[in-house]
Amino acid sequence: MATNKRAFTLRLPDELLDKIGILAEKARRSVNNYIENVLQTHLNEIEQEQGEVKTE
């Protein structure tokens, strides 16, 4: 299945990745999907407070 998503590498300390893994498991998501969801939620909050983030 084709996707238009770009990928990048995160360098995270093992302890932080372990904590994210625990939260992802509780949410029944993969670690990648959980991180994507957290970032999207944060972006939505910022845009509600400050307006749309423009990409050009």
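I began with lysine 5, which is exposed at a relative accessible area of 56%. My scale: buried is under 20% relative accessible area, exposed is over 50%, and partly exposed is in between, with a 1.4 Å probe and protein chains only.

A note on the source. This is a predicted model, where local features need pLDDT of at least 70 and side-chain atom pairs count only at pLDDT 80 or more, while totals for chains, interfaces and linings use all residues. Residues are numbered from 1 along each chain as its sequence is written, and side-chain values use heavy atoms, with hydrogens and water left out.

Entry two, the partner. Lysine 5 forms a salt bridge with glutamate 36, and their closest N and O atoms are 3.0 Å apart. I count a salt bridge when a side-chain nitrogen of Lys or Arg is within 4 Å of a carboxyl oxygen of Asp or Glu. Glutamate 36 sits in helix H2 and lysine 5 in the segment before helix H1 (14–26), so this pair ties together parts 31 residues apart in sequence. Glutamate 36 is partly exposed, at 41%. Helices here are DSSP runs (H or I, at least four residues), numbered from the N terminus.

Entry three, the other bridges. How many salt bridges does the rule give? The count is three. Glutamate 15 and lysine 19 make one of them, at 3.6 Å from N to O. Both lie in helix H1, four residues apart, about one turn of the helix. Glutamate 15 is exposed at 54%, and lysine 19 is partly exposed at 48%. Lysine 54 and glutamate 52 also meet in a salt bridge, at 3.9 Å, and both are exposed.

I found two helices and zero strands (a strand would be an E run of at least two). The radius of gyration is 14 Å, well over the 10 Å that the globule rule gives for 56 residues, so the protein is more spread out than a compact globule. That radius is taken over C-alpha atoms, and the rule is 2.2 Å times the number of residues to the power 0.38. The C-alpha trace spans about 35 × 30 × 20 Å along its principal axes. Buried residues make up 7% of the 56.
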